[in-house]
Each structure stands twice: as C-alpha cells, then as structure tokens.
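Visitor: Please put the model up. I would like to go through it with you, one question at a time.

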Amino acid sequence: MDKLIIEGAHKLQGEVRISGAKNAALPLIAATLLTPGWHVIHNVPDLRDTRTILALLETLGAEWKKEGTTLLINTDSLNKFEASYDLVKTMRASILVLGPLLARLGKARVSLPGGCAIGARPIDFHLQGLNNMGANLALEDGYVEASVVTRLMGGTVYFDIPSVTGTENILMAAVLAKGETVIKNAAREPEVTNLVDMLTSMGARIKGRDSDRLIIRGVKSLKPAVVTTIPDRIETGTYLIAVGTAGGEANVTHCNPAHLPALLEKLRASGLSIKESGDSILVSRQARVQSIDIKTQPYPGFPTDLQAQLMSLMSLANGLSVVSETIFENRFMHVAELKRMGAEIKINGNSAIIKGIEQLKGARVMATDLRASASLVVAGLAARGVTEISRIYHLERGYEDMVGKLQALGAKVHKEKE
Ligand code: EPZ
C-alpha cells in the first residue's frame with residue numbers, strides 16, 4: 001500500500017484544473033447498459049472507482065475505449081446480468097447497474113453492497129422503488145435477485161430521504177418501463193441532473209429536471225448517448241478548502257461555481273476571498289479564518305462530502321465551530337486523526353465542536369474513507385512539520401492525480417511505498 005508524505009506550512013500558489021465528477025461519471029457509465037450502440041461520454045475522470053465500474057461492465061459483456069477524457073462504451077453484446085460480490089464490495093455504487101439491467105434484460109443479480117466506514121448504507125429505497133415498478137426481488141446469499149415477467153411498469157416511488165443513487169437507479173429503470181413513473185422527494189444533486197440530461201439525449205421523456213419530483217414516461221427504446229460529465233464539485237470544494245487552510249492564492253478552473261452554493265457562502269463567511277468568473281474560482285486567504293457552523297443537508301444544502309475537509313479548515317479558525325452531520329451515522333472517522341495533529345475537537349452525538357488553534361503539527365495518520373483522507377491531506381498541507389498518511393488508496397478512488405495537482409500548487413508532497 002502507498003502512503004503520502006507532506007511537508008506542511010507552505011502556502012499554495014497557482015492554478016488547479018478540476019476533473020469530471022466521480023459521482024456523475026458512475027451513473028452515466030451505468031446508463032449505457034440501457035441500450036446497444038456506441039455511447040460517448042466526455043470529461044470522464046480517471047479514478048479507481050471509474051476503472052472499477054468499467055471492469056464491472058466488461059464482466060457483463062460491454063466493451064469500451066478511452067481517448068483522452070472521452071469514453072466510448074458499446075453494450076451490444078450484453079450477455080450477463082450478474083454484478084459479483086468481489087467487484088461490488090470494492091465500490092457500493094456498483095448497485096447502479098441494478099436498474100438498467102432490469103430495464104434492458106428483465107433480470108439482474110447484484111451483490112448487496114454491504115456497509116462501509118461511514119455507515120450502514122442500506123439500499124431499501126432502491127429495492128422498494130423497483131418493487132413498486134413490478135420487479136420481483138429476493139435476497140439470496142447476499143445477492144439481490146431481481147426479475148420482471150415482461151416489462152417494468154411505471155409506478156409511484158417516494159423516498160423518505162432524497163437518496164442520490166436511489167433516484168438514479170429508479171430513473172434508469174423508469175425510462176424503458178411501460179407507462180408513467182413519478183419519483184417523489186427525488187434527490188436534486190447536479191449529478192442527478194447530469195443523468196437526466198444524458199437520458200433525455202437518448203430519447204427518454206423526463207419532466208421535473210432539477211426538482212424533487214421527476215415524472216418519467218417510459219419509451220420502447222433509446223438511442224446511444226452523447227453527454228459531458230459535469231465538473232466535480234466535491235473536488236472543487238476540496239481544493240478551495242485546501243487553499244483556505246494552507247494559505248496562499250489559487251485559481252480553480254474548469255469547475256461550476258453554481259454547484260457549490262452552500263460551500264461558497266460558508267467560505268466567504270469564514271473570511272476567505274472567493275471570486276467567481278465563468279468556470280473558474282479565485283480563492284485566497286489573507287488573515288486567519290473565523291469559525292463558522294455547518295450542518296450537512298441534501299443538495300442544495302452543505303454537502304456531506306465536504307464536511308471532513310471543512311473541519312480541517314475550522315481546526316485553525318479563530319473561535320468555536322459546530323459541524324453537524326445529518327446524512328451519515330458515522331462520518332467523523334477523521335476526527336481522531338485530526339486530534340493526533342493537535343486539533344481540539346469534541347464529538348457530541350452527530351455534532352463535532354471544534355476549538356480553533358494557531359497551528360497543527362505534522363503526524364503519522366491513517367486514511368479511513370475517501371473524504372476523511374482528503375481532510376487529512378488538507379490538514380497536512382497546513383501543519384508544521386511532516387505528515388504521513390497511510391492507506392491512500394481511499395484517496396485515489398475519488399481524486400484524479402491529487403499529488404500532481406498539489407505539486408503544481410507548490411505543495412511539498414510525494415507518494416512512497418508503505
Ligand atoms: C451518494 O451516495 C454519493 N455517492 C455519496 O458520495 C454521497 O455522500 C451521498 O450520495 C450523499 O450526498 C455516489 O453518488 C456514488 P444516499 P448514496 O442514498 O446515493 C440513506 C463520496 O464520498 N439511505 O443519498 O449512497 C443513507 O443511509 C460518496 O463520493 C437509506 O436509508 O447516498 C444515507 O443516510 C460517499 N436507504 C441517506 O439515505 C437507501 O436505500 C443518503 O444516502 C438509500 C439511502
């Protein structure tokens with residue numbers, strides 16, 4: 001396993017180009033299962049997770065090739081319908097093949113994803129929704145066995161919580177179903193809208209784009225897609241917070257500021273200078289940041305995927321901050337590691353109280369999940385001394401060439417074998 005070595009307390013300076021969004025590319029790639037032909041997806045990031053879902057599609061019979069960041073996928077010879085435990089256990093988002101396989105082949109056998117570091121991550125909403133659409137579902141030896149006699153039927157699906165991949169799975173099942181499907185309390189994340197746009201380009205009939213109520217009128221067949229992956233708003237937020245924490249100034253390019261309403265508000269409130277212009281954001285920190293409170297919410301609220309990174313920034317703020325995590329039940333794994341770097345954080349249920357200090361100290365820390373590892377990188381960039389982060393395969397799941405991008409910003413960071 002590899003580790004990251006960061007010599008901290010160097011201000012960041014320069015430009016960083018944002019890649020396509022991991023959490024958009026995954027459903028876009030899954031949606032190519034819906035119809036044969038060559039699909040074209042632009043701006044696809046090269047990540048551990050995108051390589052995993054492409055490997056999964058290969059086991060189902062798909063073929064693909066990449067030209068730069070443009071991905072071409074052909075699912076003509078889709079001859080299998082099983083997503084094995086070995087693949088699914090490495091990436092929960094593999095569950096996204098369930099809806100399209102059912103819609104295209106009328107059957108699917110997908111391993112239950114199992115939990116992960118940040119929570120139990122159930123998929124009951126996905127299964128309930130497909131059941132409402134006429135799918136027969138059984139759980140056998142840790143697999144979801146799904147089938148439908150003739151064709152999925154349109155139905156009404158209500159999400160207690162606006163599940164992102166739940167909305168995406170039902171969307172993909174509904175576009176080829178017979179009749180109309182209504183998704184109530186649908187997730188409104190930009191990644192869901194990116195999928196709506198892809199499906200619409202394929203001939204799907206979807207109303208309610210960007211809203212919490214999606215109405216899909218099923219069609220008999222679809223044509224291959226041509227779609228561009230949206231910029232990664234979580235990668236964008238991670239670099240904005242990194243500059244705010246380590247200090248300096250950077251221009252973050254090829255991003256979409258409109259996808260980060262809550263974060264930009266909060267960073268400005270902390271005292272950072274944030275200047276938006278088109279698809280770039282100029283961020284800089286002049287003085288010590290002020291403490292702020294955040295509460296994670298579904299989009300357009302503050303994203304849970306930026307909670308850990310923001311906590312690193314607040315550990316150096318002037319004053320007390322309260323960070324409340326309302327989406328996942330165990331998303332404070334980074335706190336113990338940040339405390340090893342001197343951060344003063346108290347956990348109280350689903351809230352963490354951070355008392356800002358003057359300086360973090362480098363230490364040996366361990367990554368536990370994707371965004372917790374990002375928060376440790378952010379802290380390491382600001383800390384005095386050297387920080388060693390082990391198990392950085394977590395990081396490589398969701399950040400394309402992070403070491404290269406940070407080095408281009410003047411960070412003293414490199415990778416070493418454990
Ligand atoms: C997506 O996960 C993202 N992953 C996550 O990003 C992100 O943190 C999350 O949405 C919330 O924004 C992808 O898009 C691939 P949910 P997802 O279903 O869809 C509960 C990252 O770091 N729930 O919106 O799995 C669930 O337990 C990852 O990039 C059920 O109870 O999240 C959670 O409390 C981490 N039953 C809440 O809903 C279900 O059937 C929101 O989960 C589904 C979800």
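Visitor: How many salt bridges does the rule find across the interface of domain 1 and domain 2?
Guide: This is a predicted model, where local features need pLDDT of at least 70, side-chain atom pairs count only at pLDDT 80 or more, and totals for chains, interfaces and linings use all residues. Residues are numbered from 1 along each chain as its sequence is written, and side-chain values use heavy atoms, with hydrogens and water left out. A salt bridge here is a side-chain nitrogen of Lys or Arg within 4 Å of a carboxyl oxygen of Asp or Glu. Across the interface of domain 1 and domain 2, the count is three.

Visitor: Which helix supplies the largest share of the side of domain 1 that touches domain 2?
Guide: Helices are DSSP runs of H or I, at least four residues, and strands are runs of E, at least two, numbered from the N terminus. Helix 12 (370-382) and helix 13 (393-398) each supply at least two residues of that side of domain 1. The largest share is four residues, and it comes from helix 13.

Visitor: How is the protein chain divided into domains?
Guide: The bounds come from an automatic or database domain assignment. Domain 2 covers 22-228. Domain 1 is written in two parts, 2-19 + 231-417.

Visitor: What area do domain 1 and domain 2 bury between them?
Guide: Buried area is the accessible area (1.4 Å probe) that two parts lose on being put together, summed over both. Of the area between these domains, 53% is on carbon and sulfur atoms. The total is about 1900 Å².

Visitor: Which residues in domain 1 lose the most area to domain 2?
Guide: Three residues together account for 32% of what that side buries. They are Tyr299, Arg397 and Glu400.

Visitor: Which peptide bond is cis?
Guide: Most peptide bonds are trans. Pro300 sits in the loop between strand 18 (294-295) and helix 10 (307-314). Omega is near 5° for the cis bond from Tyr299 to Pro300.

Visitor: Which residues come nearest to the ligand?
Guide: A residue counts as near if one of its heavy atoms lies within 4 Å of the molecule. There are 23 residues around the ligand. Those that come nearest are Asp124, Ser163, Thr165, Asp305 and Ile327.

Visitor: How far is a polar backbone atom of Ile327 from an oxygen atom of the ligand?
Guide: An N or O atom in the side chain of Arg371 is 2.9 Å from a ligand oxygen atom. For the backbone of Ile327, the distance is 2.6 Å.

Methods: Polar contact = N/O pair within 3.5 Å; in protein donor to acceptor, adjacent residues only side chain to side chain.
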